[in-house]
Amino acid sequence: ALGKYLEAKSKLKTGDAIEKLLNLQAKTALVIQNGKEMEIPVNEVKHGDLIIVKPGAKIPVDGVITEGGSFIDESMVTGEPMPAQKKVGDNVVAATINTTGSFTFKATKVGSETLLAHIIKMVEEAQGSKAPIQALADKISSIFVPIVLIVSFIALGAWLLFGTGPLGFSQALSYGLVSFVGVLVIACPCALGLATPTAIIVGVGKGAREGILIKDAATLEKLHKVDTVIVDKTGTITIGKPTLVDLVSLSINTKNEEIISILASLEKKSEHPIAHAIVNYAQDPEGKGTSSGARKNIPLKNVFNFESIQGKGIKGTIDGKEYFAGNAKLIEDLKLPFDNLKLEQYTAQGKTPIILATKEKVLGFVMVADEIKTESKQAVLDLHKLGIKIVMLTGDDEKAAKYMASLVGIDDIVAHVLPADKLLKIKELQEKGHIVAMAGDGVNDAPALAQADVGIAMGTGTDVAIESAGITLLGGDISKLVKAIKLSKITMRGIKQNLFWAFIYNIVGIPLAAGLFYPIFGWLLSPVFAGFAMAMSSVSVVGNSLRIKSKKL
C-alpha cells in the first residue's frame, strides 16, 4: 500500500515541469496602439503588434526587432551563458530576457505558435510517453501467492489421502491442518513485499546524503542499465557563466596586473554582459573567478570621458591617457597594426576576445569564455570505466565544441542544436536500443530530460529542468552522476539479493511445512516455527537492505 501511495505521488509531480514552464512566460506586453503605449495581457497580443521591451523585461512573444537594439539573455533557448547582441531585423524569442537596451519589435508568433509553447508541448508528449514499469517483486507475488494456496490445499489433501490409513483420520487431519497452516505462514510474502521497497528507501536516502536527489524508484531502477549519457555543455560540463580565462600582454612596459586594472576600470562603466567577467576577475579577493584560484584584488582607477562605441567596444580616459577596449573591428578603425591570427587559436576554442589599446598601440588582450568545471574531466573518465559512452550536445559551433570535447575526453559531439534537436537525438539513440541518460540544466534541456530514460538535472539549473528530470545533482557537480549510477547498481544488486533470500526461505520452508520430509525423517514444521522462519526472512531482507548505507560510492 505504501509503494502504491509513493508511486501515485510521483505521478502528480509530472505536471510540475509544465507549470514551471508556463510561469516563465511574460504575463503582459507593452504594445503601441493608436500611437500610445498600452499594457495588455500577453494572450491578447496579435500578429503584427508593435511591442516595446524595456531593460530587464521578459520578451512576451516571438518577433522581429524594428527599432533599437540590446543584448538578450537567450540561455533558455540556446543554453549559452553569454547574452546575444540583437539589432534591427533580428529575431527575438518569447520568455527570453532583455538585459540592457530598449527596443521595439513586431509580433510574428503568438500563443501556441511561440517557441516556448513548442517546448511545453514537447515536455508534455515526452512525459506522457513513459510506460509505467511493473516491479519485479509484484510480478513474482502475483504468481507466487496462488501457487502457495494450491500447495497448502494439496498438502492437506495428501495428508488425508495418504495418512488416514497408517495414522487414522483424526491424526492425519491434525497433521494435515498443521501442514496447511504452516505452508501459508512460512510462505507469507512479507519478505517478497519488502525486498524492493526497503532497498529503494535506503538507496534514495543514501543518495540524498551524497547530494543526489532521486524523484522516484523507477528512475533509480533504470539508471543501472544506462549505456549512453548525453550531456549539455553549458552549466553541465562548464560553469555556465562567462569568466576571464586568458590574458596576453603585447607591451613590454605594461604588466598583466595593469592591463586588468585598466580593462576592469573601463568595463565597470559598461553594460555589456562580458564586462562583469573582467570586473569580477579583478575584484575577486578569494580567487573564485579565476581558473587558477589565485587571489585577486586589483585596485580600479577613475575613468573620465567614458563612451560606448556601438558594436565595437568602449573608450575612456585614465590618468590623462585615452584607452580603448573592444573587438578586432575597433582596433581596425583605430588603424593600429594587429595580427588577427593571434586571436584565432583562442576564438577556435569558443573564447571571446577583448583587446586593450591606446591610440598608438595595442597593449594586450584578454579572453572570456565559459570555463570547464574542474570535476568534469574526472567524471567523464569514471563514466568510461563504467562502460558508458558520453555524447555532448551544444548550441556552439562545431570547432569550439570539438575543442572542448577533446579537453574533457567526450566521445561524440553534436553542435548547433536547438531543444527539438536534443529530443530527436535521444529518440534516435533509443530506437537503436540504447538506454539513455540526459544531464542538463536549462529550459532548453527540459524536453530532452523528459524524453530520456533517465533525466538528470544540475541543482544549479532552472526549476523547469529539475522538475523534468528524475534525478537532481545538488551543486551542479557532474561527478555525482558517477556516484548516482554506482548507487543504482548497488541498490539493484541489493534487491536481487533480497529476492534470493526471500525465495531460499520458501524453497526450503514450504516442503518442510507441507510434510514432504515426514515419511523419510519424521520432520514436520509446526506453525510456530514457520512464523519464526517467516519473520527471520523479513529480518534478513531488511538487514541486507541496510548494508547499502555502508557501501562506498
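How many residues does helix α21 have, and how far does α21 reach from its first C-alpha to its last?

**Entry: α21.** I'm working from a predicted model here. I looked up α21 (residues 527–546) and got 20 residues, with a reach of 29 Å from first C-alpha to last. That is close to the 28 Å expected at 1.5 Å a residue.

Entry: I traced an open sheet of six strands, in the order β2-β1-β3-β9-β4-β7, with antiparallel pairing. β2 (36–41) and β7 (91–92) stand at the edges with a single partner strand each, so one side of each has no neighbour in the sheet. I then checked β1 (residues 28–33) against β2: six bridges join them, and they run antiparallel. For Gln33, the bridge partner in β2 is Lys36.

**Entry: surface patch.** Which residues form a nonpolar patch on the surface? I have Phe500, Trp501, Ile504, Ile507 and Val508, with about 490 Å² of accessible area together. I looked at Phe500 separately and placed Phe500 in helix α19 (residues 479–514). Its relative accessibility is 48%, so I logged Phe500 as partly exposed; the cut-off for exposed is over 50%.

Note on methods: Residues numbered from 1 in each chain as written. Predicted model: local features only at pLDDT ≥ 70, side-chain atom pairs only at ≥ 80, totals over all residues. Heavy atoms only, no water. Patch = residues over 30% accessible without salt bridge, like charges linked within 9 Å, V, L, I, M, F, W, Y side chains within 5 Å. Areas by Shrake-Rupley, 256 points an atom, 1.4 Å probe, with all protein chains shown as cover. Salt bridge = Lys/Arg side-chain N within 4 Å of Asp/Glu carboxyl O. Helix = DSSP H or I, 4+ residues; strand = E, 2+ residues; numbered from the N terminus. Buried < 20%, exposed > 50% of the residue type's maximum accessible area, 1.4 Å probe, protein only. Pairing = 2+ DSSP bridges. Expected span 1.5 Å × (residues − 1).
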